[in-house]
Amino acid sequence: MRTKMLSFIKNRYSQPAWLRVLNIICFVLIMTAGCSKSDDRPHGAFVCEEIQYPLTKGIVARITSPPAETYRYDISVYSGFVNAPLSGGYTFVGSGCSVSFQDIICTSSTGLNTGKYTFNPTEKLPGTFSVGEVLINWDIETQTGQHFYVKDGSISLISNNKTYTMVFSVTCDDGRVIYGNFGGELSYEHN
């Protein structure tokens, strides 16, 4: 049904219009998910070329140290990989799938603000992010699998302490559209 709905939206609306419609649908899904009885386990998925990939874990990392006027964060939601903490950061080992958004700019030192963040690689303003990557069946050791860079799109977040509900829709460097969601507690790293 999800595939039929996406096809209907793509066929009914022009490229920019169907992305706006998809953002509205994603916002409604976030709001209804936030109002229902929740499962404490992180969960989500992303869709690439009508194939769904699960997302079961996540990390939010504050990159900027306080005090500052604005703060930079990275979010990675993933499955399969093992998070191996490093001094002052994190890294992945093994293989799996992930969606990462980096250089997300907001005004809070204690976590990302609720709101919409739009891809903008040139201006570092609150409500923007400048780097995004998608890995599908990626093996860290052999550097094989699919690796895409984000060139456009947005993330909508609802944050409550360390728990986030996130919906995203991005266009990659090769033109493919990837969309998905994630809900649950993210492990928190900061410098």
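Are Y78 and F92 buried or exposed? Both Y78 and F92 are buried. Buried means under 20% relative accessible area, exposed means over 50%, and partly exposed lies in between, with a 1.4 Å probe and protein chains only.

This is a predicted model, in which local features need pLDDT of at least 70, side-chain atom pairs count only at pLDDT 80 or more, and totals for chains, interfaces and linings use all residues. Residues are numbered from 1 along each chain as its sequence is written, and side-chain values use heavy atoms, with hydrogens and water left out.

## Overall build

The chain holds two helices and 14 strands. These are DSSP runs numbered from the N terminus: helices are H or I with at least four residues, strands are E with at least two. Of the 191 residues in the chain, 42% are buried. Take contacts between residues at least 6 apart in sequence: 53% of them join residues at least 24 apart. A contact means heavy atoms within 4.5 Å. The chain exposes about 10,200 Å², and carbon and sulfur atoms supply 54% of that area. Accessible areas come from the Shrake-Rupley method with a 1.4 Å probe; for residues, only the protein chains shown count as cover.

Strand β13 spans residues 177–185. Seven of its nine residues are buried, so β13 is largely enclosed by the rest of the structure. Two strands pair if DSSP finds at least two bridges between them. Strand β1 (residues 43–48) runs antiparallel to β13, joined by six bridges. There, C48 has I178 of β13 as its bridge partner. Strand β12 (residues 163–172) is also antiparallel to β13, with nine bridges. S169 is bridged to Y179 in β13. The hairpin of β12 and β13 has four residues between the strands, and G175 takes a positive phi near 95° there.

## Aromatic pairs

A search of the whole structure finds six aromatic pairs. Rings of Phe, Tyr and Trp (its six-membered ring) pair if their centres lie within 6.5 Å; planes under 30 degrees apart count as stacked, over 60 as edge-to-face and the rest as tilted. Two of the pairs are set out here.

| Pair | Geometry | Centre to centre | Angle between planes |
|---|---|---|---|
| F46 and Y53 | stacked | 5.2 Å | 25° |
| Y78 and F92 | tilted | 4.5 Å | 55° |

F46 counts as buried because its relative accessibility is 0%. Y53 counts as buried because its relative accessibility is 12%. F101, F119, F129 and F168 form one aromatic cluster.

Rolling a probe the size of a water molecule over the atoms shows where empty space is left. A cavity is a set of points, on a 1 Å grid over the protein atoms alone, where a 1.4 Å probe fits but cannot get out; lining residues have an atom within 4 Å of a point. The search of the whole structure finds one cavity of 30 Å³ or more. The largest cavity has a volume of about 30 Å³. Its lining consists of V60, T110, G111, N161, K162, Y164, L186 and Y188.

R62 lies in strand β3 (residues 57–62). R62 is buried, with a relative accessible area of 9%. R62 and Y188 are 126 residues apart along the chain, yet their C-alpha atoms are separated by 7.9 Å.

Technical notes. 1 Å grid on protein atoms, 1.4 Å probe; cavity = no way out; pocket = protein on both sides within 12 Å on 5 of 7 lines; lining within 4 Å. Points joined across faces, edges and corners; volume = space filled by probe spheres on them.
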